[in-house]
Amino acid sequence: MLKTTELHYAVQGHEILRGVDFTLSEGEFVGIIGPNGSGKSTFLKNVYKVLQPQKGEIVLMGENLLAMSNREMAQRMAVVVQERESSFDFTVEEVVMMGRQARKHLLERDDDEDRALVERILQQTQLISLRNRGFSSLSGGEKQRALIARVLAQQTALLVLDEPTNHLDIKYQLQLMETVKRLGCTVVAAIHDLNLAAMYCDRLYTLKDGRVVGVGTPEELLTANFLKEIYEVDAEVSVGSDGLLRVFFHRGNLPGNK
């Protein structure tokens with residue numbers, strides 16, 4: 001579905017990505033974790049072409065991503081980023097309908113098929129009651145749900161989540177991740193919260209200083225020793241009553257503390 005080989009990206013001589021190899025298979029939910037500044041978001045921005053690598057290859061569904069037009073890319077891959085304020089207050093239904101533009105020619109109008117699809121998506125994402133609300137009037141969680149609905153309208157096989165849960169309350173973080181998980185599509189997500197990563201991801205890639213330093217299932221990667229090595233903190237990992245991992249961090253013993 002998605003593969004990068006020896007991906008390098010630098011700004012003013014400072015190398016942020018240092019040869020990242022990554023693979024994502026159909027149906028997987030893969031998380032990218034690592035400390036701040038490790039290159040998580042930069043990697044994904046290269047994947048969805050906001051940034052362009054100086055070296056390396058990105059293959060999307062068997063074809064060179066860097067040679068694709070943005071329209072071709074948008075028909076195969078949808079992206080959800082952190083919600084940002086917009087000066088244009090579209091309704092929720094209009095925001096969701098925007099996802100259809102990747103499937104249309106210039107000036108092509110919405111038709112009955114588009115409207116029927118958007119209706120189904122509004123129901124699927126529990127946005128029917130909010131369809132006529134202005135986007136800017138929504139809560140943070142509702143906004144992210146509307147953005148998920150918009151990418152569903154693109155009807156792509158791959159979903160990229162670039163730290164979409166940042167600044168959301170816990171309830172809305174769980175709601176967003178649960179909505180995405182239930183879609184059953186192929187997902188790659190940059191995630192700060194290790195407990196969210198453990199709950200929802202099939203595999204994890206760990207970045208540190210722009211390099212991949214660990215690949216595996218949450219059970220394989222999220223160990224006390226590995227977390228100490230990557231995040232420089234003491235932690236313990238246990239299994240909750242739901243059978244999922246939980247990470248607990250300890251006070252003290254931090255770099256610079258006595």
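**Legends: close-up views of a predicted model**

**Figure 1. The whole protein chain.** Of the 258 residues in the protein chain, 47% are buried. Here, buried means under 20% relative accessible area, exposed means over 50%, and partly exposed lies in between (1.4 Å probe, protein chains only). The model is predicted, so local features need pLDDT of at least 70 and side-chain atom pairs count only at pLDDT 80 or more, while totals for chains, interfaces and linings use all residues. Residues are numbered from 1 along each chain as its sequence is written, and side-chain values use heavy atoms, with hydrogens and water left out.

The protein chain holds nine helices and 12 strands. These are DSSP runs, numbered from the N terminus: helices are H or I with at least four residues, strands are E with at least two. The C-alpha trace spans about 65 × 40 × 35 Å along its principal axes. The radius of gyration is 19 Å, which agrees with the value near 18 Å that a compact globule of 258 residues would have. That radius is taken over C-alpha atoms, and the globule rule is 2.2 Å times the number of residues to the power 0.38.

Figure 2. Take the contacts between residues at least 6 apart in sequence: 63% of them join residues at least 24 apart. A contact means heavy atoms within 4.5 Å. The accessible surface of the protein chain comes to about 13200 Å², and 48% of this belongs to carbon and sulfur atoms. Accessible areas come from the Shrake-Rupley method with a 1.4 Å probe; for residues, only the protein chains shown count as cover.

The protein chain carries 30 positive and 35 negative side chains. The centres of the two sets lie 2 Å apart. Lys and Arg count as positive, Asp and Glu as negative; His and the chain ends are not counted. Each charge is placed at NZ of Lys, CZ of Arg, CG of Asp or CD of Glu.

Figure 3. The whole structure contains two aromatic pairs. Rings of Phe, Tyr and Trp (its six-membered ring) pair if their centres lie within 6.5 Å; planes under 30 degrees apart count as stacked, over 60 as edge-to-face and the rest as tilted. Phe22 and Tyr205 are both buried. Ring pairs join Phe22, Phe43 and Tyr205 into a cluster.

**Figure 4. Helix α1 and the residue after it.** Helix α1 (residues 40–47) is mostly covered, with seven of its eight residues buried. These are Lys40, Ser41, Thr42, Phe43, Leu44, Asn46 and Val47. Lys49 follows α1 and has a positive phi, near 70°.

Figure 5. Val96 belongs to helix α3. At 0% relative accessibility, Val96 counts as buried. Leaving out residues up to four places away in sequence, Val96 touches Val118, Ile121, Leu122, Ala146, Ala149, Arg150 and Ala153. Val59 lies elsewhere: its C-alpha is 28 Å from that of Val96, across 37 residues of sequence.

Gly99 sits in the loop between α3 (92–97) and α4 (112–124). Gly99 is buried too, at 2% relative accessibility. Beyond its neighbours within four places in sequence, Gly99 contacts Arg150, Ala153 and Gln154.

Figure 6. Glu6 is not a glycine, yet its phi is positive, about 50°. Glu6 is placed in strand β1 (residues 2–11). With 35% relative accessibility, Glu6 counts as partly exposed. Gln155, also a residue other than glycine, has a positive phi near 55°. Gln155 lies in the loop between α5 (140–154) and β7 (158–162). At 45% relative accessibility, Gln155 is partly exposed.

**Figure 7. Lys171 in helix α6.** Helix α6 (residues 170–183) includes Lys171. Lys171 is exposed, with a relative accessible area of 57%. Gly141 is 30 residues from Lys171 in sequence, and the two are 8.2 Å apart in space, C-alpha to C-alpha.
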